[in-house]
Every structure is written in structure tokens, then in C-alpha cells.
Amino acid sequence: MVFSSPTGRNKQSPFGTSDDRKKGVPTFRLQPKNPPPPSMPSADDLLESAKVVALPMHTRFRGVKVREALIFSGPAGWGEFAPFVEYEDAEAKTWLAAGIEAAYLGPPAPVRDSVRVNATVPAVPAEEVAGLIARYPGVDTVKVKVAEPGQSLADDVERVAAARDLVGTVRIDANGGWSVQQAIEAVAAIGDVEYVEQPCATVEELAQVRRAVSVPIAADESIRRAGDPMRVAALDAADIAVLKVAPLGGMRALVALAERLPMDVVVSSALDTAVGMAAGIGAAAALPDLDRACGLGTGEFFVRDVARSFRIEHGTVRPRRVEPGIDLPLASAERTRWWHERLRRCHDLLTRR
Ligand SMILES: O=C(O)CCC(=O)c1ccccc1C(=O)O
Ligand SMILES: [Mg+2]
């Protein structure tokens with residue numbers, strides 16, 4: 001796929017490199033129905049409108065209580081660049097491609113006007129579960145984090161039981177924290193759930209657990225952090241694929257991957273601000289088949305967001321354009337500089353040929 005430039009010469013698409021294609025990473029493809037691709041914006045273009053924000057959170061999640069993100073605007077709206085701070089540039093660059101797609105192309109055509117979401121419960125004490133779920137009106141599916149370092153299986157069992165008392169469907173996410181043996185024991189102890197997401201770190205281990213238990217297996221990191229997201233299917237390692245817009249390089253890349261994967265998909269946030277959430281919801285709204293609740297309610301984690309957050313009503317959210325406010329919780333000058341430099345390096349990686 002080439003990306004047209006104002007000079008008429010072809011440039012590399014920001015939505016995937018030829019190297020990515022060899023690895024099977026989905027790339028943006030120009031379909032007859034799609035609008036013509038805009039020219040690749042320069043890093044200066046992106047930084048001109050950029051705001052670096054530091055959003056305070058109610059509960060610690062993934063070890064952080066403040067979520068940093070860089071947002072920028074383009075002709076189609078706002079885009080987000082917010083790879084987790086510990087990610088290397090090689091991994092972070094697809095997050096930039098996703099932000100550019102949002103700001104310069106906007107979302108693909110929707111096929112539905114609402115998306116069912118799950119409540120997300122971090123590895124909190126069981127007594128706190130009800131209070132967290134109460135933030136998600138009408139939601140009947142809860143995702144509970146398990147296998148938190150420093151906690152015991154008994155903590156997981158109690159936390160899941162607390163969620164089960166309140167809603168019809170519980171899914172769990174171990175973020176790769178178990179060995180195959182631990183996963184098998186944990187699944188036996190926790191009991192029936194909709195699925196267990198990323199019980200172990202590798203695709204091979206997921207395949208082994210899947211063969212040993214009757215609970216369905218979902219792959220998250222094995223898709224979003226893998227060189228080849230199709231390996232999960234090739235090894236029959238999962239029943240469900242958890243797909244995230246930013247690590248996959250955009251909404252269209254996500255929709256294209258969903259089409260190729262022979263399994264149910266769930267679209268989930270990467271702790272996105274309202275700008276990134278709009279892209280997640282936009283991708284979910286464009287999927288022809290979407291039967292399960294999506295992890296797109298994490299706006300509830302933020303004390304403040306960059307825009308009016310997506311209201312959860314009757315367990316669903318609706319796709320819409322997001323317009324950030326003028327009074328944003330900005331990051332420090334030092335962190336802002338760090339994000340600007342990171343964006344420049346990732347932009348370089350995306351456009352280098
Ligand atoms: O899927 C959800 O319910 C919310 C999103 C979520 O859990 C998440 C958010 C940021 C980083 C990783 C993850 C994850 O699914 O592991
Ligand atoms: Mg996960």
C-alpha cells in the first residue's frame with residue numbers, strides 16, 4: 001500500500017510498512033469505497049495542534065494512576081498518540097499510525113449506532129467491586145483482572161465471585177500472568193466464566209491451556225504485541241480475539257484483521273482518552289459481526305478526560321465525534337517535551353523507506 005504525497009510521488013503508508021505486511025500485520029488498504037488517502041502529515045503538522053495531557057485516574061490500573069497521552073487534530077477530527085510509556089518506538093509507531101488515521105481519515109462507515117460494553121474491574125479488593133460496577137449503568141458483562149503480581153488465587157476467586165453476584169456474565173483477564181499449570185488450576189478454582197483472556201504469555205501456552213480446559217480462551221497481548229497476529233489462529237490458540245485500535249495501527253486495520261480471524265472478536269480500549277475511545281467505538285461500530293460486549297467503558301477510570309466522556313446507557317455507548325475542551329489537564333513541560341520527541345521518532349519510523 002502506498003500513501004500519496006502532495007508531489008504526486010508515492011510515500012509509505014503510515015498504516016503499516018512493507019515489513020509489517022510480511023509479518024502479517026494488517027495494513028490500511030485503499031478500497032474502491034474508501035476516500036482517497038490524504039498526504040502523510042509531517043511531524044511538524046502533527047505537533048502544531050498537539051496537546052499532551054495527564055489524566056488523573058480513580059483507581060490504579062497497569063501500575064499507573066495518571067494516564068499520559070498526546071492528542072492532535074487534522075482535517076477529519078482528533079487523533080491520539082498514547083503508547084504506554086515503557087513501549088519502545090518500534091512498537092509505539094503503530095499507535096501513531098492509528099492517531100493519524102483518526103485525524104486525517106476519520107472512522108470507517110458504521111454498521112450499528114451503539115456498542116455494548118463491559119465494566120472493567122482492576123485487581124481491587126472484593127469489597128470494592130460493587131462500587132466500581134455501579135459506574136456502568138445497564139452493563140451485564142464485567143471483565144475482572146486476575147493474576148495480579150503480589151496477590152493470591154484466593155483474592156482472584158473472591159473478586160470474581162463479587163462480580164458474579166451482580167451481573168450475568170463475567171470474563172477474566174490475567175494479562176499473561178500464569179504458567180500453563182497455574183492457569184489450569186486458577187480456571188478450576190474460579191469456575192465458569194465467559195472466557196479467560198491471555199491466561200499465559202505465549203501463543204503456545206494459550207494453545208496448551210485451551211486444550212486442557214473447557215472455558216473459552218481469548219488472546220489479547222498475543223495479538224496486539226505479536227509480530228504475526230494470525231499465529232493465534234494458525235495454532236488454534238484462542239476462541240476469541242481482543243482487538244485494540246492503537247496497537248493494530250488503526251480502525252481499518254482492526255476491521256481488516258477481524259475479517260481474517262476465524263473467531264469472535266471483542267474491541268477493547270488501551271486505556272484511551274475520549275479521543276482514542278472514539279476510534280475504538282468507531283472500529284467496533286464498523287464491524288459486521290460483533291456479538292460480545294467490548295472493553296470500551298474505561299473512560300470511567302478517569303477523574304477528568306479530554307472531552308465529554310462517552311456516556312454508558314443501557315450498557316452501551318454510541319459512536320460520535322469528539323471535540324476536546326479548551327481547559328485540558330496538561331502534562332508538565334518536561335513530559336510534553338518527552339512526548340513530542342517520541343512522536344518525532346515514531347513519525348520517522350513510519351515514513352522511513
Ligand atoms: O478490556 C477492557 O475491559 C478494558 C481495557 C483493558 O483491560 C486494558 C487496558 C489497557 C491495557 C491493557 C488492557 C488489557 O485488556 O489487558
Ligand atoms: Mg487484556
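Two strands pair if DSSP finds at least two bridges between them. Helices (H or I, at least four residues) and strands (E, at least two) are DSSP runs, numbered from the N terminus. This is a predicted model, in which local features need pLDDT of at least 70, side-chain atom pairs count only at pLDDT 80 or more, and totals for chains, interfaces and linings use all residues. Residues are numbered from 1 along each chain as its sequence is written, while chains are lettered from A and ligands numbered from 1 in the order in which they are written.

Start with the parallel sheet. Seven strands form an open sheet in the order E7-E8-E9-E10-E11-E12-E13, and the pairing is parallel. Its edges are strand E7 (119-121) and strand E13 (264-267), each of which pairs on one side only. E7 runs parallel to strand E8 (residues 141-145), and three bridges join them. Ala119 has Val142 of E8 as its bridge partner.

Strand E9 covers residues 169-173 and contains Asp173. UniProt lists Asp173, Glu197 and Asp220 under "binding site", in an unreviewed entry. These residues span 48 residues in sequence, yet no two of their C-alpha atoms are more than 9.0 Å apart, so they gather at one spot. UniProt positions follow the numbering used here, feature names are shortened, and annotations may be inferred rather than shown by experiment.

The unreviewed UniProt entry also places a domain, "Mandelate racemase/muconate lactonizing enzyme C-terminal", at residues 126-216. That span is 42% helix and 13% strand. Its end C-alpha atoms lie 24 Å apart.

Now take a helix pair. Helix H5 (residues 153-164) packs on helix H6 (residues 180-190) at an angle of about 40°, and their axes are 9 Å apart. Axes here are lines fitted to C-alpha atoms, for helices over the stretch in contact, and angles run from 0 to 180 degrees between N-to-C directions. H5 and H6 are therefore oblique to each other. Angles under 35 degrees count as roughly parallel, over 145 as roughly antiparallel, 65 to 115 as roughly perpendicular and the rest as oblique. On the H5 side, Leu153, Asp156, Val157 and Val160 meet Ala186, Ala189 and Ile190 of H6. Contact means that the C-beta atoms, placed from the backbone, lie within 7 Å. By class, this contact of H5 with H6 has six nonpolar, no polar and one charged residues. Ala, Val, Leu, Ile, Met, Phe, Trp, Tyr, Cys and Pro count as nonpolar, Asp, Glu, Lys and Arg as charged, and the others, Gly among them, as polar.

Next comes the antiparallel sheet. Three strands form an open sheet in the order E3-E4-E5, with antiparallel pairing. Strand E3 (51-61) and strand E5 (77-81) are the edges, each pairing on one side only. The twist averages 35° from one strand to the next. Seven bridges link E3 and strand E4 (residues 64-74) in the antiparallel sense. Phe61 stands opposite Val64 in E4.

Helix H3 ties into this sheet. H3 lies across E4 and E5, running at about 175° to E5. The axes of H3 (residues 89-104) and helix H13 (residues 333-351) come within 8 Å and cross at roughly 85°. That makes H3 roughly perpendicular to H13. H3 contributes Asp89, Ala90, Ala92, Lys93, Leu96 and Ala97 to the contact, and H13 contributes Arg342, Leu343, Arg345, Cys346, His347, Leu349 and Leu350. The residues of this contact divide into eight nonpolar, one polar and four charged.

Key
Contact = placed C-beta atoms within 7 Å.
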